[in-house]
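Subject: Structure for you to look at

Hello,

Here is the structure I said I would pass on. My notes on it come after it.

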Amino acid sequence: MKKAGNINHAVYGNFNQHLSRLSPDEVGKLYDNFVPASVDVLPIKSGAAERSILLGLRRDEPRAWWTIGGRMVPGESPYETASRVLRKEFGFDLGLELNRLKFLCVNSSVFALREQPPKENGRHCLVIVFSLEIKSNEFLLSQTGKYREFGWFPRSEIISGDFYPSIKASVSCL
């Protein structure tokens, strides 16, 4: 049993990943029948007046300012997923510093639309949210095309602004 913060991760037996690429139709069927788990990370920069949070403007649904994240893959702990997402999105490697990730909350989000057919069936996801304090000598540079752009937003602007409720809820846990 791995225990990190408030999250326990148990692997029973000799588990091996058997990942395969799913077609959009297969992913759509998955979304129609299961609630996948994802992990989001809120990179945080402490400033003189207020902490700022890095959000990305998504290219896919929901096309809005969003947290940095991705789906969990079988066998990964939520901390391992967060580390993989940061490495993939920014080339940022936490290495053995997984303790820098701070568990914030779990969000259950239901969307009316999705990218996979049939789009109007929507999707439901369960998201484990972490924060990560970015040190003054660390930089995050996008490595993928998942987001159109990135922006640092003051905490108060996110909570009072025109952002999705799950983003506001995550930020309010800081």
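**Cysteines**

Cysteine 173 is partly exposed, with a relative accessible area of 37%. Here buried means under 20% relative accessible area, exposed over 50%, and partly exposed in between, using a 1.4 Å probe and protein chains only. Cysteine 105, by contrast, is buried at a relative accessible area of 10%. The sulfur of cysteine 105 has that of cysteine 173 as its closest cysteine sulfur, 4.0 Å away, which is too far for a bond. A disulfide is counted when two cysteine sulfur atoms lie within 2.5 Å, and the structure holds zero of them.

**How the model was treated**

This is a predicted model: local features need pLDDT of at least 70 and side-chain atom pairs count only at pLDDT 80 or more, while totals for chains, interfaces and linings use all residues. Residues are numbered from 1 along each chain as its sequence is written, and side-chain values use heavy atoms, with hydrogens and water left out.

**Salt bridges**

A salt bridge is a side-chain nitrogen of Lys or Arg within 4 Å of a carboxyl oxygen of Asp or Glu. By this rule there are eight salt bridges.

Arginine 51 and glutamate 133 form one of them, at 3.2 Å from N to O. Arginine 51 is in the loop between β3 and β4 (52-58) and glutamate 133 is in strand β8, so this pair ties together parts 82 residues apart in sequence. Helices (H or I, at least four residues) and strands (E, at least two) are DSSP runs, numbered from the N terminus. Both partners are partly exposed, arginine 51 at 33% and glutamate 133 at 32% relative accessibility.

Glutamate 97 and lysine 135 meet in another, at 3.6 Å from N to O. Glutamate 97 is in the loop between α2 and β7, and lysine 135 is in the loop between β8 and β9 (147-154), 38 residues apart.

Arginine 100 pairs with glutamate 138, with the closest N and O atoms 2.8 Å apart. These residues lie in the loop between α2 and β7 and the loop between β8 and β9, so this pair also ties together parts 38 residues apart in sequence. Arginine 100 is buried, at 13% relative accessible area, and glutamate 138 counts as buried at 18%. Glu97, Arg100, Lys135 and Glu138 are linked in a network of salt bridges.

**Helix α1**

In helix α1 (residues 24-33), Val27, Gly28 and Tyr31 are buried. Seen down the axis of α1, the buried residues fall within an arc of 105°, so they line one face of the helix; the arc is that of the directions from the helix axis to the C-beta atoms. Lys29 and Asn33, on the other side of α1, are exposed. The buried residues of α1 pack against β6 (68-71) and β8 (123-133), where contact means heavy atoms within 4.5 Å.

**Cores**

A nonpolar core is a set of buried Ala, Val, Leu, Ile, Met, Phe, Trp, Tyr and Cys residues joined through side-chain atoms within 4.5 Å. The largest has 19 residues, and those with the most contacts inside it include Leu86, Phe90 and Phe92. β3 (37-45), α2 and β8 are the elements that give two or more residues to this core, and α2 gives the most, with five. Apart from this core lies another, of 16 residues, among them Trp66, Cys125, Ile167 and Val171.

Regards
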